[in-house]
Amino acid sequence: MRSLRAGAAKKKAAKTSSGSAVQLPIVCDADTLRSLVRKKAVRVVDVRKADDYKQEHIPTAVSLPLARVLENDTPEKIVGIMEELGISDKTPVVIYDDTFGALAARVAWTFQYVGHINTALLEMTFRQWKELGLETEKQARTFPKARHLLNVNRNIYADASYVENVKSQPGKLLVDSRERLNFLTEHIPGAKNIPYTMVGSNGSILRKADELKRFIENRGITSNAEIITYCGSVGTLSGLTYYALKLAGFQNVRLYPKSFKEWKALGKPKEEFKDAAYWDLSAE
Amino acid sequence: MKKSRVATANPRQKGVSVPKPNPKWGREEETEVFAKKVKLFRQGKIPEDDFRRFRLQHGAYGSRLHMDYSMVRIKVPGGEMTPDQIEKIASLSEAFSIGSAHVSTRQNIQLHWVQLEDVSEVMRGLVETGLTTREACGNTIRNVMCSHFAGVCPNEAFDATPYSMAIARFFLRNPMCQNLPRKFKINFACCDQHGLVRVADIGLVPATKEENGATVRGFKIYLGGGLGAASFIGHLLEDFTPEGRVLATCMATVRLFDRHGNRENMARNRMRYLVHEMGWEKFQKMALKERSIVEMTTSYFTAQLFDVKSQEDTRQLPKAPRMAKLPMLNDQVTKESPAYERWLHTNVVPQKQEGYFTAFITLGAGDITASQLRVLASAIRDYSAEAVARNTPQQNFAVRYVRGTELRDFYEKLGSAGLANPGALTIASAVGCSGTTSCNLAITNSHRLAKEVQRKFLELGLDTDDSLRDATIKVSGCPNSCGQHEIATVGFFGGATRMNNSMVPTYTMLFGGSAGEQGELGKAAMRVPAKRVIDTVLRVIELYRQQRSESETLHQWVVSVTKGRGAGGIKNLEDMKAALAQVIQLPAQEQDPDAYRDYGSDSGFSAKTARGECAA
């Protein structure tokens, strides 16, 4: 269904370049993106702040700061934005950020939620792209408005009540993507901790699929489990974990985008661990 | 796929020697076995006790009151670490721990709050750079320590490092020490000053002897010392043990302990109790006899496994450029001195190799973040001619073979990551075990207290006062001496005391302990509420300044008082206690509720502990 190897993706991209649009893997490597850009066969989406985009960005990228996605919190508005950026149902989209992939993941998930199938995360951050000396441009890009259907994919979404019911349902598992110390302090009852720091590695926003798979297997989680990810506030860290789990081969993954912030605001129960002064180990 | 990555190799290279080879302490198959065992344990297919023994044998402790998490103890023989290893630990701490690593008091590096299911991944990463957690805990021979000055110490007979490494290699995974009555510790010194040889099961100080016109290498070997709820100072086995008999001496001692050590009473099963109960003369005789038996019965093949030659660093390090003297090493500095001069004075010492210096990285109770570890690794590559660093029992790092001409650049680089704090070699560098931050046995937050002492002392500039320099402050969170409080000038161990009808976190204060070959244990004097500890130590310093005789250092003064030989108004510990009675008083709880709490806690104190895992 998805090719995990960069090389495989490249081959695929080359094959289909003349005909219909390429189906991207979850993570798109730099060379594949560059070749798609040259062929004008991709929409690159920069989710950093508008000012950063203005300074420079990956060639042909359009600007869609994460904040704008969060402000326009309905599927209709999101589809409207996508159309405005020239993204049709068939357009392959590659998204990048400068925040270890977490913002890009949140936007990618949002696109998939409203029915866009062909999205990928760039394997690296913009800073790493620059460090490799790859090409950039300053010119702000606009494209002719496209048509995009609205086809909400409820299967990848969870709200508070959905999360609340997980506990009583075997085969479903809640994963908290925040760092260990935050998790120990308080979390949604029954959640397991897979910190976002676990899923990336130097030079790549996500580790290799077999490595991620092993991490999950070590935890005794079977591949047919349904996993709901959440983090601290708007679903960025957990968005990255969402894609890590997809890459590891999990079919049923959902994101709780309103995450722990909403959970707490709703006064829902929390699990706390107060018997150790673990914060004092931090050298920060 | 080939990537067009830009080479990031350091262009400076400053004549740094070839990197040290991967030491290969770890084995990949052990990480796989560990992952399997965790799964079996979670499925209920291995009894808890069996699993605990296995887990400890592989260096993972249970975390404080939460057995889903582990403290992973990375064994670092002699404390020696390559930049690759340091970077790997940085990544592992970010991925699986809390983003910080911790230097222990026995040259281990500890990663805390690692999920049990991730321990095998940490181990896997460590193996890549040659590290292991094997036998870092449990009833085994623990990390073999070696003075961080070994090889550069002006007073050493010879470099003990290869001997310590050879001993570590000989005993690691050795069937003879996989199930001892209790843990067993071996410490190497460089000279009579540096090293914890009197508080180890086996302590070795390099020595030489003239025999038939030739210089023979050997050691002064001390047996049966150790710190804990009851501590003992080790005994000298014989005047001189030639190097050819070192292995047999160690094997004989381990065998005696294995055979006669107490396997029943967990509280009294370290070898020091055996020596104490048997009496030193008897133990000494048995040890010498056992050694003869070992020498007669050890096969040639086995003896060859102790291979000192193979552990020698054969790289030719370049000579350091000659340079003008570094005045700040000896001149007086003050709180107002330029930061670099203060750092130079309190963190840097000359080596026996002319032009080279050893510089210390001041950490707070051994804590260092992942990003700091990366800067440290890079600084080692750029500035240490031996291209390794050693972690120290004072919970700092020692970077050796830094050229005097490059000290300032080195300092600047460390400073960019907050690693250039002064005070590493002074009273300000307080030692603290992990305490209630992660340990099951801890009663108090000794870790935070040690950091608070350091912060306050640096703020007051006490690191710049040379009369305080040889004094040490060490804090443990319970009577078991991981914080080594008994070898401190002023030591503390945590407890709980009822005061004004409330339970209060307190520390028992000890005076006059010291390390080194003439090391002595401190004497317990009185209990001090946790939030009064800093004021109490400051009061001790004030008393010292009033009472000292000329040129007497704080440490010397405290030792004199401890022995009842104080000169001024404070002659003995009774006088000291009377003089401190005021400062340890607590106001009524309503007036100052914070004084009744422990550091790092905003609620009332209650002593919570769970079963220790030291003895599996």
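**Entry 1. Domains of chain A**

How many residues of domain 1 of chain A are in contact with residues of domain 2 of chain A? I put this question to a predicted model. I found 17 residues of domain 1 of chain A in contact with 19 residues of domain 2 of chain A. I then noted the bounds: domain 1 of chain A covers 6-152, and domain 2 of chain A covers 155-274. The centres of the two domains, taken over C-alpha atoms, are 24 Å apart.

I asked which element gives the most to the side of domain 1 of chain A that touches domain 2 of chain A. Helix H6 (residues 102-113) of chain A does, with seven residues. I also sorted this side of domain 1 of chain A by class and recorded 11 nonpolar, four polar and two charged residues.

**Entry 2. Contact between the chains**

I next turned to the contact of chain A with chain B. Chain A contributes 30 residues to this contact, and chain B contributes 41 residues. The largest share comes from H3(B), with four residues. By class, I recorded nine nonpolar, 21 polar and 11 charged residues on the side of chain B that touches chain A.

**Entry 3. Parallel sheet in chain A**

I looked up the strand order in an open sheet of chain A. The sheet has four strands in the order S8-S6-S9-S10 (chain A), and the pairing is parallel. S8 and strand S10 (253-255) of chain A are at the edges, each with a single partner strand, so one side of each lacks a neighbour in the sheet. Helix H12 (residues 237-247) of chain A packs on the sheet and touches S6, S9 and S10 of chain A. I noted that the direction of this helix makes about 170 degrees with that of S10(A).

I then followed the pairings of strand S6 (residues 172-176) of chain A. With strand S9 (residues 226-230) of chain A, this strand pairs in the parallel sense over five bridges. Within that pair, A:Lys172 stands opposite A:Glu226 in S9(A). S6(A) and strand S8 (residues 192-193) of chain A also run parallel and are joined by two bridges. There, A:Asp176 has A:Asn193 in S8(A) as its bridge partner.

**Entry 4. Antiparallel sheet in chain B**

I examined an open sheet of five strands in chain B, ordered S1-S2-S5-S4-S14 with antiparallel pairing. Which strands are at the edges? I identified strand S1 (60-63) and S14 of chain B, each of which pairs on one side only. On average, neighbouring strands of this sheet are turned by 35 degrees against each other, direction ignored.

H4(B) packs on the sheet, where it touches S1, strand S2 (66-74) and S5 of chain B. The direction of H4(B) makes about 10 degrees with that of S2(B). I also checked the pair S4(B) and S14(B), which is antiparallel over three bridges. In this pair, B:Asp367 in S14(B) is the bridge partner of B:His102.

**Entry 5. Nonpolar core**

I recorded 256 residues in the largest nonpolar core. Those with the most contacts inside this core include A:Val94, A:Ile95, A:Val107 and B:Leu376. Helix H6 (residues 246-260) of chain B gives the most to this core, with nine residues. In soluble globular proteins, nonpolar side chains tend to be buried together.

I took A:Val107 for a separate look. Neighbours within four places in sequence left aside, A:Val107 is in contact with A:Val45, A:Val47, A:Leu64, A:Leu66, A:Val69 and A:Ile95.

Is B:Val348 buried or exposed? I counted 22 other C-beta atoms within 10 Å of B:Val348, and 20 or more make a residue buried, so B:Val348 is buried. This residue lies in strand S12 (residues 348-350) of chain B. I noted that B:Val348 and B:Ile361, 13 residues apart in sequence, are 9.4 Å apart in space, C-alpha to C-alpha.

B:Asp598 lies in the segment after helix H16 (573-580) of chain B. B:Asp598 is also buried, with 28 other C-beta atoms within 10 Å. Leaving aside neighbours within four places in sequence, I found B:Asp598 in contact with B:Thr444, B:Asn445, B:Pro505, B:Ala530 and B:Phe605. B:Asn265 is 333 residues from B:Asp598 along the chain, and their C-alpha atoms are separated by 32 Å.

Notes:
Residues numbered from 1 in each chain as written. Chains lettered and ligands numbered in written order. Predicted model: local features only at pLDDT ≥ 70, side-chain atom pairs only at ≥ 80, totals over all residues. Domains from an automatic or database assignment. Contact = placed C-beta atoms within 7 Å. Nonpolar A, V, L, I, M, F, W, Y, C, P; charged D, E, K, R; others polar. Pairing = 2+ DSSP bridges. Core = buried A, V, L, I, M, F, W, Y, C linked by C-beta atoms within 7 Å. Buried ≥ 20, exposed ≤ 12 C-beta atoms within 10 Å, placed from the backbone. Axes fitted to C-alpha atoms, helices over the stretch in contact; angles between N-to-C directions.
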